[in-house]
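Subject: Structure for you to look at

Hello,

Here is the structure I said I would pass on. Please open it alongside this message and follow the residues as they come up.

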Amino acid sequence: MACGKDGEQEQDPRIGGIAASIRVVPDFPKKGIMFQDITTLLLDPKAFKNTVDLFVERYIGKDVSVVAGIEARGFIFGPPIALAIGAKFIPLRKPRKLPGEVISEKYVLEYGTDCLEMHVGAVQPGDRALVVDDLIATGGTLCAAMNLLERAGAEVVECACVIELPELKGREKLNGKPLYVLVESR
């Protein structure tokens with residue numbers, strides 16, 4: 001079941017296949033974590049294509065000029081979406097992974113801090129951006145991505161994730177910013 005912004009629910013027969021293709025690995029990477037493994041989704045060409053197609057169908061014709069993928073799994077879904085909707089793809093990377101001048105955004109995690117970087121000039125004022133990642137948990141990484149893009153002058157249209165961990169209430173951290181999710185964790 002796809003969960004759109006404002007909590008609306010959309011039924012699509014492809015969602016069940018996508019959800020079924022995601023493996024849940026208990027106690028990884030540490031005890032108590034139910035890891036949502038998308039590598040099994042990537043091994044299923046139909047589920048992978050349906051995932052990309054659902055995002056493309058949502059964003060085609062929405063005047064999105066930038067698709068920003070969050071390292072590393074946002075790099076899997078972001079480029080095919082960007083190509084299909086005619087937008088440029090911008091990688092948002094961890095520190096010291098991009099050559100040249102970068103703009104950075106630090107953010108707080110449950111266990112410390114982290115940082116995202118993007119090239120200076122990758123985004124132009126007035127660009128309309130879509131942020132893509134595989135999963136939203138606490139929302140900290142998505143918030144940092146949105147802050148980074150907005151500081152560079154882009155308007156963030158929406159964030160798109162394959163999976164949401166609703167028990168971690170990451171959606172609340174987005175302060176009403178639009179979020180589109182395909183499946184909730186199991």
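Start at C143, which counts as buried because its relative accessible area is 15%, under the 20% cut-off. C143 takes part in no disulfide, and the nearest cysteine sulfur, in C159, is 7.8 Å away. C115 is buried as well, with a relative accessible area of 9%. The cysteine sulfur closest to that of C115 belongs to C143 and is 15 Å off, which is too far for a bond. A disulfide is a covalent bond between the sulfur atoms of two cysteines. Searching the whole structure turns up zero of them.

Before going further, note that this is a predicted model. The mean pLDDT of the protein chain is 92, and 94% of its residues reach 70 or more. Residues 3–9 are a stretch to treat with care: the pLDDT there is below 50, and the stretch has 20 contacts in the model beyond near neighbours in sequence. Where pLDDT is low, the predicted coordinates should not be read in detail.

Helix α5

C143 is one of the buried residues of α5, along with G140, L142, A144, A145, M146, L148 and L149. The helix covers residues 140–151. Its 12 residues should span 16 Å at 1.5 Å a residue, and the end C-alpha atoms are 16 Å apart, so the two values agree. Just after α5, G153 has a positive phi of about 105°.

Helix α3 runs over residues 45–59. From the first C-alpha to the last, its 15 residues reach 21 Å, close to the 21 Å expected. Its buried residues are A47, N50, T51, V52, L54, F55, V56, R58 and Y59. After the helix comes G61, with a positive phi near 80°.

How many aromatic pairs does the structure hold? There are four. In one of them, the rings of F48 and F77 have centres 5.9 Å apart and planes at 80°, so this pair is edge-to-face. F48 sits in α3 and F77 in helix α4 (residues 74–85), so the pair ties together parts that are 29 residues apart in sequence. F48 is partly exposed at 24% relative accessible area, whereas F77 is buried at 0%.

Another pair, F55 with Y180, is also edge-to-face, with 6.1 Å from centre to centre and 75° between the planes. Here F55 is in α3 and Y180 in strand β11 (residues 179–184), so the parts tied together are 125 residues apart in sequence. Are these two residues buried or exposed? Both F55 and Y180 are buried.

Helix α1

In α1, residues 13–21, the buried residues are I15, I18 and S21. Seen down the helix axis, they fall within an arc of 130°, so they line one face of the helix. P13 and A20 are exposed on the other side.

R14 is also in α1. Which residues does R14 touch, leaving aside its neighbours within four places in sequence? They are N50, D53, L54 and E57. R14 and L54 are 40 residues apart in sequence, and their C-alpha atoms are 8.5 Å apart in space.

Loops and backbone details

D27 is in the loop between β3 (23–26) and β4 (34–37). D27 is not a glycine, yet its phi is positive, about 60°. At 42% relative accessibility, this residue is partly exposed. P29 is found in that loop too, and a cis peptide bond with omega of about 0° joins F28 to P29.

A cis peptide bond also joins E71 and A72, again with omega of about 0°. A72 lies in the loop between β5 (66–70) and α4.

K169 is another residue with a positive phi that is not a glycine; the value is about 55°. K169 lies in the loop between β10 (155–164) and helix α6.

R171 is in α6, which covers residues 170–173. With a relative accessible area of 27%, R171 is partly exposed. The C-alpha atoms of R171 and T138 are 7.6 Å apart, although the two residues are 33 places apart along the chain.

Regards

Technical notes. Residues are numbered from 1 along each chain as its sequence is written. This is a predicted model: local features need pLDDT of at least 70, side-chain atom pairs count only at pLDDT 80 or more; totals for chains, interfaces and linings use all residues. Side-chain values use heavy atoms; hydrogens and water are left out. Buried means under 20% relative accessible area, exposed over 50%, partly exposed in between (1.4 Å probe, protein chains only). Helices (H or I, at least four residues) and strands (E, at least two) are DSSP runs, numbered from the N terminus. The arc is that of the directions from the helix axis to the C-beta atoms. The expected span of a helix is 1.5 Å times one less than its number of residues. pLDDT is the predictor's confidence in each residue, from 0 to 100. Contact means heavy atoms within 4.5 Å. Rings of Phe, Tyr and Trp (its six-membered ring) pair if their centres lie within 6.5 Å; planes under 30 degrees apart count as stacked, over 60 as edge-to-face and the rest as tilted. A disulfide is a pair of cysteine sulfur atoms within 2.5 Å.
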